[in-house]
Amino acid sequence: MRDPATPLVHLHDVHKRYGEVAALSGVDLHLGAGEVLALLGANGAGKSTAIAMLLGLSKPDAGRAELFGLAPETLSARQRIGVMLQSAGIPDNIRVDELLDLTRSYYPAPRTVADCVAFAGLEGLLDRRYGRLSGGQQRRVQFALAICGKPEVLFLDEPTTGLDIDVRQRMWATIRQLVAEGTGVLLTTHYLEEAETLAQRVVVLNRGRVAAAGTIQQIRAHVSQRRIRCLSSLDVAVVATWPGVQGVVRGHDGNPERIEILTDNTEPVLRRLLAEDNELGDIDIQRAGLADAFLELTRDDARKEAA
Amino acid sequence: MTALPMSSDAIATRHSPVRSYLLEAKYECLRLLRTPSFAVPSLLFPPLFYLLFGVLLNKSSGDAARYLLATYGVFGVMGVGLFAFGVTVALEREQGFLIYKRALPMPPGAYLFAKMTMATLFAMMISLLLAALAATVGGVELRASQWLLLFLVNVIGVLPFAALGLYIGSLIGGQGAPAVVNILYLPMAFLSGLWLPLKLLPTWIAKLAPVWPSYHHAQIALKVIGMDGGKPLALHLGVLLGVTVLFFVLARRRFAA
(Lines give C-alpha, C1' and ligand atoms only; values in the text may rest on other atoms or scores of the structure.)
Protein backbone atom coordinates (compact mmCIF):
# COMPACT_ATOMS: atom_id res chain seq x y z
CA MET A 1 0.00 0.00 0.00
CA ARG A 2 1.04 3.55 -0.61
CA ASP A 3 2.15 5.42 2.45
CA PRO A 4 -0.75 7.79 3.10
CA ALA A 5 1.77 10.53 3.82
CA THR A 6 3.20 10.27 0.30
CA PRO A 7 1.82 13.24 -1.62
CA LEU A 8 -0.13 12.46 -4.80
CA VAL A 9 1.82 15.11 -6.64
CA HIS A 10 5.30 16.23 -5.71
CA LEU A 11 7.89 18.64 -7.05
CA HIS A 12 11.09 18.37 -5.07
CA ASP A 13 13.65 21.18 -5.47
CA VAL A 14 13.04 21.34 -9.23
CA HIS A 15 15.29 23.41 -11.46
CA LYS A 16 14.72 24.04 -15.14
CA ARG A 17 16.44 26.39 -17.56
CA TYR A 18 15.44 27.31 -21.09
CA GLY A 19 18.64 28.72 -22.51
CA GLU A 20 19.47 31.83 -20.49
CA VAL A 21 16.14 31.90 -18.70
CA ALA A 22 15.71 30.07 -15.41
CA ALA A 23 12.09 28.93 -15.65
CA LEU A 24 12.17 27.20 -12.27
CA SER A 25 14.81 27.62 -9.56
CA GLY A 26 14.35 25.21 -6.69
CA VAL A 27 10.58 24.84 -6.61
CA ASP A 28 8.93 22.55 -4.07
CA LEU A 29 5.27 21.73 -4.05
CA HIS A 30 3.03 18.87 -3.05
CA LEU A 31 -0.61 17.96 -3.16
CA GLY A 32 -2.52 15.46 -1.07
CA ALA A 33 -5.84 13.66 -1.51
CA GLY A 34 -8.95 15.81 -1.17
CA GLU A 35 -6.90 18.95 -1.34
CA VAL A 36 -7.03 21.91 -3.73
CA LEU A 37 -3.75 23.69 -4.30
CA ALA A 38 -3.80 26.91 -6.29
CA LEU A 39 -0.67 27.76 -8.21
CA LEU A 40 -0.57 31.50 -8.74
CA GLY A 41 1.80 33.76 -10.56
CA ALA A 42 2.06 36.25 -13.38
CA ASN A 43 2.65 35.09 -16.94
CA GLY A 44 6.15 33.68 -17.18
CA ALA A 45 6.37 33.03 -13.44
CA GLY A 46 6.88 29.31 -14.06
CA LYS A 47 3.37 27.91 -13.59
CA SER A 48 3.21 26.22 -17.00
CA THR A 49 6.72 24.80 -16.61
CA ALA A 50 5.81 23.36 -13.20
CA ILE A 51 2.69 21.73 -14.66
CA ALA A 52 4.66 20.41 -17.66
CA MET A 53 7.08 18.65 -15.28
CA LEU A 54 4.26 16.98 -13.41
CA LEU A 55 2.58 15.82 -16.61
CA GLY A 56 5.84 14.33 -17.88
CA LEU A 57 5.95 16.76 -20.82
CA SER A 58 9.28 18.15 -19.72
CA LYS A 59 12.09 16.85 -17.53
CA PRO A 60 13.67 18.78 -14.67
CA ASP A 61 17.36 19.70 -15.07
CA ALA A 62 17.72 18.96 -11.37
CA GLY A 63 15.36 17.80 -8.65
CA ARG A 64 12.43 15.38 -8.93
CA ALA A 65 8.89 15.49 -10.24
CA GLU A 66 6.63 12.66 -9.10
CA LEU A 67 3.05 11.47 -9.52
CA PHE A 68 2.01 8.97 -6.85
CA GLY A 69 5.70 8.45 -6.12
CA LEU A 70 6.34 7.45 -9.75
CA ALA A 71 7.96 9.23 -12.67
CA PRO A 72 5.25 11.29 -14.42
CA GLU A 73 5.94 9.56 -17.75
CA THR A 74 4.75 6.25 -16.28
CA LEU A 75 1.51 5.26 -17.98
CA SER A 76 0.04 3.72 -14.84
CA ALA A 77 0.64 7.03 -13.00
CA ARG A 78 -0.92 9.10 -15.76
CA GLN A 79 -3.95 6.79 -15.76
CA ARG A 80 -4.72 8.21 -12.32
CA ILE A 81 -4.73 11.87 -13.39
CA GLY A 82 -7.08 14.04 -15.41
CA VAL A 83 -5.88 17.03 -17.39
CA MET A 84 -7.44 20.25 -18.57
CA LEU A 85 -4.89 22.42 -20.35
CA GLN A 86 -5.32 26.04 -21.37
CA SER A 87 -5.47 25.12 -25.03
CA ALA A 88 -6.17 21.52 -25.89
CA GLY A 89 -6.06 22.09 -29.66
CA ILE A 90 -8.77 19.47 -30.13
CA PRO A 91 -9.59 19.05 -33.84
CA ASP A 92 -12.84 20.62 -35.06
CA ASN A 93 -14.21 17.65 -36.93
CA ILE A 94 -14.63 15.14 -34.12
CA ARG A 95 -17.87 14.77 -32.19
CA VAL A 96 -18.17 15.20 -28.44
CA ASP A 97 -19.33 11.60 -27.85
CA GLU A 98 -16.38 10.34 -29.92
CA LEU A 99 -13.93 12.39 -27.86
CA LEU A 100 -15.40 10.98 -24.67
CA ASP A 101 -15.39 7.44 -26.04
CA LEU A 102 -11.72 7.70 -26.98
CA THR A 103 -10.51 9.45 -23.83
CA ARG A 104 -12.47 7.08 -21.55
CA SER A 105 -10.74 4.14 -23.26
CA TYR A 106 -7.37 5.35 -21.89
CA TYR A 107 -8.50 4.75 -18.30
CA PRO A 108 -8.95 1.42 -16.49
CA ALA A 109 -12.20 2.35 -14.72
CA PRO A 110 -13.76 5.37 -16.39
CA ARG A 111 -16.96 7.19 -15.44
CA THR A 112 -20.03 6.41 -17.49
CA VAL A 113 -20.83 8.80 -20.31
CA ALA A 114 -24.01 9.80 -18.47
CA ASP A 115 -21.94 10.77 -15.41
CA CYS A 116 -19.55 12.82 -17.54
CA VAL A 117 -22.48 14.63 -19.15
CA ALA A 118 -24.02 15.38 -15.79
CA PHE A 119 -20.76 16.47 -14.13
CA ALA A 120 -19.69 18.79 -16.94
CA GLY A 121 -23.09 19.98 -18.13
CA LEU A 122 -22.91 18.52 -21.64
CA GLU A 123 -26.65 17.93 -22.04
CA GLY A 124 -27.55 18.02 -25.73
CA LEU A 125 -23.95 18.40 -26.91
CA LEU A 126 -22.91 14.77 -27.41
CA ASP A 127 -23.68 14.54 -31.13
CA ARG A 128 -22.22 17.96 -31.96
CA ARG A 129 -18.85 18.45 -33.60
CA TYR A 130 -16.27 20.05 -31.32
CA GLY A 131 -15.54 22.88 -33.77
CA ARG A 132 -19.19 23.93 -33.85
CA LEU A 133 -19.37 24.52 -30.09
CA SER A 134 -19.05 27.90 -28.40
CA GLY A 135 -15.90 28.64 -26.40
CA GLY A 136 -17.70 27.94 -23.13
CA GLN A 137 -19.11 24.65 -24.42
CA GLN A 138 -15.64 23.58 -25.58
CA ARG A 139 -14.30 24.35 -22.11
CA ARG A 140 -17.01 22.13 -20.61
CA VAL A 141 -16.07 19.32 -22.99
CA GLN A 142 -12.43 19.67 -21.92
CA PHE A 143 -13.54 19.48 -18.31
CA ALA A 144 -15.54 16.33 -19.06
CA LEU A 145 -12.45 14.79 -20.69
CA ALA A 146 -10.41 15.69 -17.60
CA ILE A 147 -12.78 13.93 -15.18
CA CYS A 148 -13.93 11.04 -17.40
CA GLY A 149 -11.21 8.67 -16.13
CA LYS A 150 -12.25 9.04 -12.48
CA PRO A 151 -8.82 10.55 -11.74
CA GLU A 152 -7.35 10.79 -8.26
CA VAL A 153 -5.68 14.06 -9.23
CA LEU A 154 -7.04 16.75 -11.52
CA PHE A 155 -4.79 19.27 -13.23
CA LEU A 156 -6.88 22.31 -14.09
CA ASP A 157 -5.02 25.01 -15.98
CA GLU A 158 -7.17 28.16 -16.06
CA PRO A 159 -10.34 26.06 -16.07
CA THR A 160 -12.92 28.83 -16.12
CA THR A 161 -11.25 31.45 -18.31
CA GLY A 162 -13.84 32.95 -20.62
CA LEU A 163 -16.81 31.24 -18.96
CA ASP A 164 -20.09 32.88 -17.96
CA ILE A 165 -20.49 33.41 -14.26
CA ASP A 166 -23.20 30.75 -13.87
CA VAL A 167 -21.23 28.15 -15.84
CA ARG A 168 -18.18 28.98 -13.76
CA GLN A 169 -20.09 28.53 -10.54
CA ARG A 170 -21.49 25.23 -11.75
CA MET A 171 -17.96 24.04 -12.52
CA TRP A 172 -16.80 25.17 -9.08
CA ALA A 173 -19.61 23.20 -7.46
CA THR A 174 -18.58 20.09 -9.40
CA ILE A 175 -14.93 20.54 -8.43
CA ARG A 176 -15.94 20.89 -4.77
CA GLN A 177 -17.96 17.70 -5.01
CA LEU A 178 -15.00 15.81 -6.52
CA VAL A 179 -12.69 17.17 -3.83
CA ALA A 180 -15.13 16.07 -1.15
CA GLU A 181 -14.87 12.57 -2.64
CA GLY A 182 -11.08 12.70 -2.22
CA THR A 183 -9.81 14.02 -5.54
CA GLY A 184 -6.74 16.24 -5.30
CA VAL A 185 -6.79 19.31 -7.54
CA LEU A 186 -3.88 21.36 -8.77
CA LEU A 187 -5.34 24.59 -10.05
CA THR A 188 -3.72 27.44 -11.89
CA THR A 189 -5.83 30.50 -12.39
CA HIS A 190 -5.81 34.19 -13.15
CA TYR A 191 -8.94 34.64 -11.11
CA LEU A 192 -7.88 35.09 -7.53
CA GLU A 193 -11.52 34.78 -6.60
CA GLU A 194 -11.38 31.25 -8.01
CA ALA A 195 -8.36 30.40 -5.85
CA GLU A 196 -10.05 31.90 -2.79
CA THR A 197 -13.24 29.97 -3.46
CA LEU A 198 -11.72 26.57 -4.15
CA ALA A 199 -8.23 26.29 -2.69
CA GLN A 200 -7.10 25.45 0.82
CA ARG A 201 -3.50 26.17 -0.01
CA VAL A 202 -1.73 28.54 -2.35
CA VAL A 203 1.73 28.55 -3.87
CA VAL A 204 2.72 31.86 -5.38
CA LEU A 205 5.43 31.62 -8.02
CA ASN A 206 7.48 34.60 -9.05
CA ARG A 207 10.31 34.38 -11.56
CA GLY A 208 10.64 30.64 -11.11
CA ARG A 209 10.79 30.72 -7.32
CA VAL A 210 8.21 30.09 -4.64
CA ALA A 211 7.45 33.61 -3.41
CA ALA A 212 4.98 32.37 -0.81
CA ALA A 213 3.27 29.14 0.15
CA GLY A 214 0.61 28.40 2.72
CA THR A 215 -3.09 28.57 3.44
CA ILE A 216 -5.12 31.41 1.99
CA GLN A 217 -5.16 32.96 5.48
CA GLN A 218 -1.39 32.69 5.81
CA ILE A 219 -0.87 34.31 2.44
CA ARG A 220 -3.25 37.10 3.30
CA ALA A 221 -1.40 37.61 6.56
CA HIS A 222 1.73 38.39 4.57
CA VAL A 223 -0.01 41.65 4.02
CA SER A 224 -0.72 43.55 7.18
CA GLN A 225 -2.59 46.24 5.32
CA ARG A 226 -6.20 47.11 5.97
CA ARG A 227 -8.52 49.31 4.00
CA ILE A 228 -10.59 51.84 5.93
CA ARG A 229 -13.51 53.29 4.02
CA CYS A 230 -15.73 56.00 5.48
CA LEU A 231 -17.77 59.12 4.83
CA SER A 232 -15.58 62.04 5.84
CA SER A 233 -14.90 65.65 4.97
CA LEU A 234 -11.22 65.51 6.01
CA ASP A 235 -8.66 66.78 3.52
CA VAL A 236 -7.09 63.71 1.93
CA ALA A 237 -3.78 65.53 1.42
CA VAL A 238 -3.54 66.03 5.17
CA VAL A 239 -4.63 62.50 6.06
CA ALA A 240 -1.95 61.19 3.74
CA THR A 241 0.73 62.71 5.99
CA TRP A 242 -0.45 60.86 9.12
CA PRO A 243 1.86 58.13 10.44
CA GLY A 244 0.75 54.67 9.37
CA VAL A 245 -1.19 55.91 6.35
CA GLN A 246 0.05 54.47 3.07
CA GLY A 247 -2.44 56.01 0.73
CA VAL A 248 -5.68 57.95 0.63
CA VAL A 249 -8.15 58.50 -2.17
CA ARG A 250 -11.46 60.34 -2.25
CA GLY A 251 -14.39 59.19 -4.31
CA HIS A 252 -12.85 55.77 -5.19
CA ASP A 253 -16.34 54.35 -5.65
CA GLY A 254 -17.76 57.42 -7.40
CA ASN A 255 -19.07 58.97 -4.17
CA PRO A 256 -17.12 62.22 -3.52
CA GLU A 257 -17.98 62.13 0.20
CA ARG A 258 -16.25 58.79 0.68
CA ILE A 259 -12.54 58.28 1.30
CA GLU A 260 -10.48 55.12 1.28
CA ILE A 261 -7.37 54.86 3.44
CA LEU A 262 -4.76 52.13 3.06
CA THR A 263 -2.89 51.52 6.30
CA ASP A 264 -0.64 49.00 7.99
CA ASN A 265 -1.48 50.35 11.46
CA THR A 266 -5.23 50.35 11.63
CA GLU A 267 -6.11 51.21 15.21
CA PRO A 268 -4.15 54.48 15.68
CA VAL A 269 -5.32 55.75 12.28
CA LEU A 270 -8.90 54.87 13.15
CA ARG A 271 -8.65 56.65 16.53
CA ARG A 272 -7.31 59.79 14.90
CA LEU A 273 -9.98 59.73 12.20
CA LEU A 274 -12.73 59.58 14.79
CA ALA A 275 -11.05 62.30 16.86
CA GLU A 276 -10.61 64.73 13.99
CA ASP A 277 -13.95 64.29 12.23
CA ASN A 278 -17.11 64.29 14.34
CA GLU A 279 -19.23 63.75 11.24
CA LEU A 280 -17.34 60.59 10.26
CA GLY A 281 -19.71 57.77 9.37
CA ASP A 282 -20.37 54.46 7.64
CA ILE A 283 -16.99 52.98 8.57
CA ASP A 284 -15.94 49.81 6.80
CA ILE A 285 -12.62 48.07 7.50
CA GLN A 286 -11.38 45.34 5.20
CA ARG A 287 -8.49 43.02 5.49
CA ALA A 288 -6.51 42.77 2.28
CA GLY A 289 -7.78 40.04 -0.01
CA LEU A 290 -5.71 37.44 -1.79
CA ALA A 291 -5.45 39.81 -4.74
CA ASP A 292 -3.76 42.49 -2.60
CA ALA A 293 -1.48 39.91 -1.01
CA PHE A 294 -0.57 38.56 -4.39
CA LEU A 295 0.29 41.99 -5.76
CA GLU A 296 2.24 42.82 -2.62
CA LEU A 297 4.23 39.58 -2.79
CA THR A 298 5.18 39.84 -6.43
CA ARG A 299 5.88 43.57 -6.19
CA ASP A 300 8.19 43.04 -3.23
CA ASP A 301 10.12 40.52 -5.21
CA ALA A 302 10.40 42.77 -8.23
CA ARG A 303 11.69 45.55 -5.99
CA LYS A 304 14.33 43.27 -4.46
CA GLU A 305 15.49 42.21 -7.89
CA ALA A 306 15.74 45.80 -9.05
CA ALA A 307 17.77 46.77 -5.96
CA MET B 1 10.44 3.44 -5.53
CA THR B 2 7.02 3.10 -3.94
CA ALA B 3 5.03 0.06 -4.95
CA LEU B 4 1.71 0.56 -6.69
CA PRO B 5 -1.33 -0.19 -4.57
CA MET B 6 -2.70 -3.67 -5.22
CA SER B 7 -6.06 -2.51 -6.44
CA SER B 8 -4.62 -0.30 -9.14
CA ASP B 9 -2.26 -3.08 -10.24
CA ALA B 10 -5.15 -5.45 -10.63
CA ILE B 11 -7.11 -2.90 -12.64
CA ALA B 12 -4.12 -2.11 -14.83
CA THR B 13 -3.79 -5.75 -15.85
CA ARG B 14 -7.48 -6.01 -16.67
CA HIS B 15 -7.47 -2.83 -18.73
CA SER B 16 -6.34 -3.58 -22.26
CA PRO B 17 -4.93 -0.84 -24.48
CA VAL B 18 -6.18 -2.59 -27.65
CA ARG B 19 -9.47 -0.73 -27.56
CA SER B 20 -7.61 2.60 -27.39
CA TYR B 21 -5.53 1.72 -30.46
CA LEU B 22 -8.64 0.73 -32.41
CA LEU B 23 -10.67 3.77 -31.38
CA GLU B 24 -7.75 6.08 -32.05
CA ALA B 25 -7.51 4.66 -35.58
CA LYS B 26 -11.28 4.73 -36.13
CA TYR B 27 -11.63 8.39 -35.19
CA GLU B 28 -8.54 9.39 -37.14
CA CYS B 29 -10.13 7.89 -40.27
CA LEU B 30 -13.52 9.46 -39.56
CA ARG B 31 -11.93 12.83 -38.95
CA LEU B 32 -10.11 12.83 -42.28
CA LEU B 33 -13.11 11.51 -44.19
CA ARG B 34 -14.97 14.50 -42.73
CA THR B 35 -12.27 16.86 -44.04
CA PRO B 36 -13.21 17.42 -47.70
CA SER B 37 -10.02 19.37 -48.41
CA PHE B 38 -8.09 16.18 -47.65
CA ALA B 39 -10.45 13.36 -48.59
CA VAL B 40 -11.61 14.67 -51.98
CA PRO B 41 -8.23 15.34 -53.61
CA SER B 42 -6.65 12.25 -52.00
CA LEU B 43 -9.31 9.80 -53.09
CA LEU B 44 -10.57 11.35 -56.33
CA PHE B 45 -7.63 12.96 -58.09
CA PRO B 46 -5.59 9.81 -58.86
CA PRO B 47 -8.59 7.90 -60.30
CA LEU B 48 -9.77 11.04 -62.14
CA PHE B 49 -6.35 11.65 -63.66
CA TYR B 50 -6.14 7.99 -64.59
CA LEU B 51 -9.52 8.13 -66.27
CA LEU B 52 -8.49 11.23 -68.20
CA PHE B 53 -4.92 10.35 -69.26
CA GLY B 54 -4.96 6.56 -69.07
CA VAL B 55 -8.37 5.91 -70.62
CA LEU B 56 -10.07 8.84 -72.37
CA LEU B 57 -7.08 10.52 -74.01
CA ASN B 58 -5.41 7.22 -74.74
CA LYS B 59 -6.87 5.51 -77.80
CA SER B 60 -3.64 4.05 -79.11
CA SER B 61 -2.27 1.33 -76.91
CA GLY B 62 -3.03 -0.79 -73.89
CA ASP B 63 0.51 -0.09 -72.69
CA ALA B 64 -0.33 3.41 -71.48
CA ALA B 65 -3.34 2.17 -69.52
CA ARG B 66 -1.14 -0.41 -67.81
CA TYR B 67 1.79 1.94 -67.18
CA LEU B 68 -0.40 4.65 -65.72
CA LEU B 69 -2.30 2.16 -63.52
CA ALA B 70 1.02 1.45 -61.78
CA THR B 71 2.24 5.05 -61.58
CA TYR B 72 -1.04 6.71 -60.56
CA GLY B 73 -1.19 4.21 -57.73
CA VAL B 74 2.20 5.49 -56.58
CA PHE B 75 1.01 9.08 -57.12
CA GLY B 76 -2.06 8.52 -54.95
CA VAL B 77 -0.25 6.74 -52.17
CA MET B 78 2.50 9.35 -52.08
CA GLY B 79 -0.16 12.07 -51.68
CA VAL B 80 -1.80 10.23 -48.79
CA GLY B 81 1.49 9.72 -46.97
CA LEU B 82 2.66 13.30 -47.42
CA PHE B 83 -0.64 15.07 -46.70
CA ALA B 84 -2.06 12.78 -44.02
CA PHE B 85 1.17 12.92 -42.04
CA GLY B 86 2.76 16.20 -43.08
CA VAL B 87 -0.25 18.45 -42.83
CA THR B 88 -2.18 16.87 -39.96
CA VAL B 89 0.89 16.46 -37.76
CA ALA B 90 1.95 20.05 -38.43
CA LEU B 91 -1.51 21.34 -37.49
CA GLU B 92 -1.86 19.15 -34.41
CA ARG B 93 1.59 20.10 -33.21
CA GLU B 94 0.95 23.81 -33.73
CA GLN B 95 -2.47 23.84 -32.08
CA GLY B 96 -1.21 22.09 -28.95
CA PHE B 97 -3.18 18.88 -29.57
CA LEU B 98 -0.01 16.77 -29.56
CA ILE B 99 0.99 18.11 -26.16
CA TYR B 100 -2.50 17.47 -24.83
CA LYS B 101 -2.36 13.90 -26.17
CA ARG B 102 1.02 13.37 -24.54
CA ALA B 103 -0.38 14.53 -21.20
CA LEU B 104 -3.25 12.03 -21.46
CA PRO B 105 -2.62 8.36 -20.65
CA MET B 106 -2.79 7.43 -24.33
CA PRO B 107 -1.00 4.09 -24.82
CA PRO B 108 2.44 4.53 -26.41
CA GLY B 109 2.47 4.66 -30.19
CA ALA B 110 -1.32 4.91 -30.50
CA TYR B 111 -1.03 8.27 -32.25
CA LEU B 112 1.29 6.91 -34.93
CA PHE B 113 -0.64 3.67 -35.18
CA ALA B 114 -3.84 5.61 -35.87
CA LYS B 115 -2.21 7.68 -38.59
CA MET B 116 -0.60 4.62 -40.17
CA THR B 117 -3.93 2.80 -40.18
CA MET B 118 -5.66 5.79 -41.76
CA ALA B 119 -2.96 6.15 -44.42
CA THR B 120 -3.08 2.42 -45.17
CA LEU B 121 -6.86 2.54 -45.49
CA PHE B 122 -6.73 5.48 -47.89
CA ALA B 123 -3.99 3.74 -49.89
CA MET B 124 -6.19 0.65 -50.16
CA MET B 125 -9.17 2.68 -51.34
CA ILE B 126 -7.12 4.48 -54.00
CA SER B 127 -5.59 1.21 -55.12
CA LEU B 128 -9.00 -0.48 -55.43
CA LEU B 129 -10.56 2.48 -57.24
CA LEU B 130 -7.71 2.53 -59.77
CA ALA B 131 -7.85 -1.24 -60.25
CA ALA B 132 -11.61 -1.11 -60.82
CA LEU B 133 -11.22 1.60 -63.46
CA ALA B 134 -8.31 -0.17 -65.15
CA ALA B 135 -10.03 -3.55 -65.28
CA THR B 136 -13.27 -2.13 -66.69
CA VAL B 137 -12.98 0.99 -68.86
CA GLY B 138 -9.18 0.78 -69.11
CA GLY B 139 -9.25 -2.70 -70.55
CA VAL B 140 -6.15 -3.72 -68.57
CA GLU B 141 -5.68 -7.45 -68.18
CA LEU B 142 -3.36 -8.78 -65.50
CA ARG B 143 -2.87 -12.09 -63.77
CA ALA B 144 -4.47 -12.36 -60.32
CA SER B 145 -1.01 -12.41 -58.71
CA GLN B 146 -0.14 -9.14 -60.49
CA TRP B 147 -3.30 -7.39 -59.24
CA LEU B 148 -2.52 -8.57 -55.73
CA LEU B 149 1.14 -7.56 -55.89
CA LEU B 150 0.27 -4.11 -57.23
CA PHE B 151 -2.15 -3.66 -54.35
CA LEU B 152 0.51 -4.67 -51.83
CA VAL B 153 3.16 -2.44 -53.40
CA ASN B 154 0.80 0.51 -53.10
CA VAL B 155 -0.21 -0.16 -49.54
CA ILE B 156 3.29 -0.85 -48.21
CA GLY B 157 4.67 1.96 -50.34
CA VAL B 158 2.89 4.53 -48.20
CA LEU B 159 5.58 4.05 -45.50
CA PRO B 160 8.46 6.15 -46.88
CA PHE B 161 6.10 9.03 -47.71
CA ALA B 162 4.50 8.80 -44.30
CA ALA B 163 7.96 9.09 -42.71
CA LEU B 164 8.83 12.04 -44.96
CA GLY B 165 5.48 13.65 -44.11
CA LEU B 166 6.04 13.08 -40.41
CA TYR B 167 9.38 14.86 -40.63
CA ILE B 168 7.85 17.80 -42.53
CA GLY B 169 5.08 17.95 -39.92
CA SER B 170 7.68 18.05 -37.15
CA LEU B 171 9.52 20.95 -38.83
CA ILE B 172 6.91 23.23 -40.32
CA GLY B 173 3.79 24.95 -38.96
CA GLY B 174 0.22 24.18 -39.95
CA GLN B 175 0.01 27.13 -42.32
CA GLY B 176 3.20 26.38 -44.21
CA ALA B 177 2.95 22.59 -44.37
CA PRO B 178 0.42 22.29 -47.26
CA ALA B 179 2.58 24.57 -49.41
CA VAL B 180 5.77 22.65 -48.66
CA VAL B 181 4.05 19.33 -49.26
CA ASN B 182 2.70 20.50 -52.62
CA ILE B 183 6.10 21.85 -53.67
CA LEU B 184 7.54 18.38 -53.02
CA TYR B 185 4.59 16.33 -54.21
CA LEU B 186 3.80 17.59 -57.69
CA PRO B 187 7.35 18.11 -59.05
CA MET B 188 8.48 14.82 -57.54
CA ALA B 189 5.60 13.04 -59.27
CA PHE B 190 6.48 14.54 -62.62
CA LEU B 191 10.25 14.04 -62.28
CA SER B 192 9.82 10.39 -61.26
CA GLY B 193 7.88 9.57 -64.40
CA LEU B 194 4.52 9.10 -62.72
CA TRP B 195 2.61 11.17 -65.29
CA LEU B 196 4.73 10.47 -68.38
CA PRO B 197 7.22 7.64 -68.84
CA LEU B 198 10.81 8.78 -68.28
CA LYS B 199 11.63 7.66 -71.87
CA LEU B 200 9.47 10.54 -73.14
CA LEU B 201 11.16 13.11 -70.89
CA PRO B 202 14.52 14.88 -71.39
CA THR B 203 17.46 12.63 -70.50
CA TRP B 204 18.61 14.82 -67.60
CA ILE B 205 15.27 14.24 -65.89
CA ALA B 206 15.65 10.50 -66.34
CA LYS B 207 19.22 10.66 -65.00
CA LEU B 208 18.12 12.66 -61.98
CA ALA B 209 15.10 10.43 -61.27
CA PRO B 210 16.84 7.95 -58.88
CA VAL B 211 17.16 10.83 -56.41
CA TRP B 212 13.41 10.74 -55.69
CA PRO B 213 11.87 8.09 -53.45
CA SER B 214 8.78 8.10 -55.68
CA TYR B 215 10.93 6.91 -58.60
CA HIS B 216 11.94 3.80 -56.68
CA HIS B 217 8.39 3.13 -55.58
CA ALA B 218 7.19 3.49 -59.18
CA GLN B 219 9.92 1.16 -60.46
CA ILE B 220 8.77 -1.57 -58.08
CA ALA B 221 5.15 -1.11 -59.18
CA LEU B 222 6.24 -1.19 -62.84
CA LYS B 223 8.29 -4.35 -62.21
CA VAL B 224 5.04 -6.10 -61.28
CA ILE B 225 3.68 -5.47 -64.78
CA GLY B 226 7.05 -5.85 -66.51
CA MET B 227 7.45 -2.20 -67.55
CA ASP B 228 10.27 -1.04 -65.26
CA GLY B 229 13.67 0.36 -66.21
CA GLY B 230 15.48 -2.88 -65.40
CA LYS B 231 17.38 -1.92 -62.26
CA PRO B 232 17.51 -4.55 -59.49
CA LEU B 233 14.58 -4.78 -57.07
CA ALA B 234 16.96 -4.81 -54.08
CA LEU B 235 18.20 -1.31 -55.00
CA HIS B 236 14.69 0.15 -55.02
CA LEU B 237 13.68 -1.62 -51.82
CA GLY B 238 16.92 -0.55 -50.15
CA VAL B 239 16.42 3.11 -51.03
CA LEU B 240 12.80 3.13 -49.81
CA LEU B 241 13.75 1.38 -46.59
CA GLY B 242 16.57 3.89 -46.08
CA VAL B 243 14.25 6.84 -46.71
CA THR B 244 11.70 5.45 -44.25
CA VAL B 245 14.22 4.88 -41.48
CA LEU B 246 16.06 8.17 -42.05
CA PHE B 247 13.01 10.44 -41.89
CA PHE B 248 11.40 8.48 -39.10
CA VAL B 249 14.54 8.85 -36.99
CA LEU B 250 14.85 12.54 -37.87
CA ALA B 251 11.20 13.14 -36.94
CA ARG B 252 11.60 11.25 -33.66
CA ARG B 253 14.55 13.41 -32.79
CA ARG B 254 12.54 16.57 -33.51
CA PHE B 255 9.65 15.42 -31.32
CA ALA B 256 11.93 14.36 -28.49
CA ALA B 257 13.57 17.81 -28.41
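Predicted model: local features only at pLDDT ≥ 70, side-chain atom pairs only at ≥ 80, totals over all residues.
Residues are numbered from 1 along each chain as its sequence is written, while chains are lettered from A and ligands numbered from 1 in the order in which they are written.

Chain A has eleven helices and 13 strands, where helices (H or I, at least four residues) and strands (E, at least two) are DSSP runs numbered from the N terminus. Taken along the principal axes, the box filled by the C-alpha atoms of chain A is roughly 70 × 45 × 40 Å. Chain A has 307 residues, of which 41% count as buried; a residue is buried if 20 or more other C-beta atoms, placed from the backbone, lie within 10 Å of its own, exposed if 12 or fewer, and partly exposed in between. Among the contacts in chain A with a separation of 6 or more, 69% involve residues 24 or more positions apart, a contact being a pair of residues whose C-beta atoms, placed from the backbone, lie within 7 Å.

Where the two chains meet, 28 residues come from chain A and 29 residues from chain B. On the side of chain B that touches chain A, the elements giving two or more residues are helix 1 (6-14), helix 2 (18-33) and helix 5 (97-103) of chain B, and helix 2 of chain B supplies the largest share, six residues.

## Nonpolar cores

A nonpolar core is a set of buried Ala, Val, Leu, Ile, Met, Phe, Trp, Tyr and Cys residues joined through C-beta atoms within 7 Å. The largest nonpolar core has 143 residues, and those touching the most other members are A:Leu37, A:Ala144, A:Ile147, A:Phe155 and A:Leu187. Helix 4 (residues 62-94) of chain B gives the most to this core, namely 18 residues. Neighbours within four places in sequence aside, A:Phe155 is in contact with A:Ile51, A:Leu55, A:Ile81, A:Val83, A:Met84 and A:Leu186. A second, separate core has nine residues, including A:Val239 and A:Ile259.

## Two helix pairs

Axes are lines fitted to C-alpha atoms, for helices over the stretch in contact, and angles run from 0 to 180 degrees between N-to-C directions.

| Helix pair | Angle | Axis distance |
|---|---|---|
| Helix 3 (residues 96-105) and helix 5 (residues 135-147) of chain A | about 20 degrees | 9 Å |
| Helix 3 (residues 36-56) and helix 4 of chain B | roughly 165 degrees | within 9 Å |

The helices of the chain B pair are therefore roughly antiparallel to each other, whereas helix 3 and helix 5 of chain A are roughly parallel; angles under 35 degrees count as roughly parallel, over 145 as roughly antiparallel, 65 to 115 as roughly perpendicular and the rest as oblique.

In chain A, A:Val96, A:Leu99, A:Leu100 and A:Thr103 of helix 3 meet A:Val141, A:Ala144 and A:Leu145 of helix 5.

In chain B, the residues making the contact include B:Phe38 and B:Phe49 of helix 3 together with B:Leu68 and B:Phe83 of helix 4.

## A buried leucine in chain B

B:Leu159 lies in helix 8 (residues 158-171) of chain B and counts as buried because it has 22 C-beta neighbours inside 10 Å. From C-alpha to C-alpha, B:Leu159 and B:Lys26 are 19 Å apart in space, and they are 133 residues apart in sequence.
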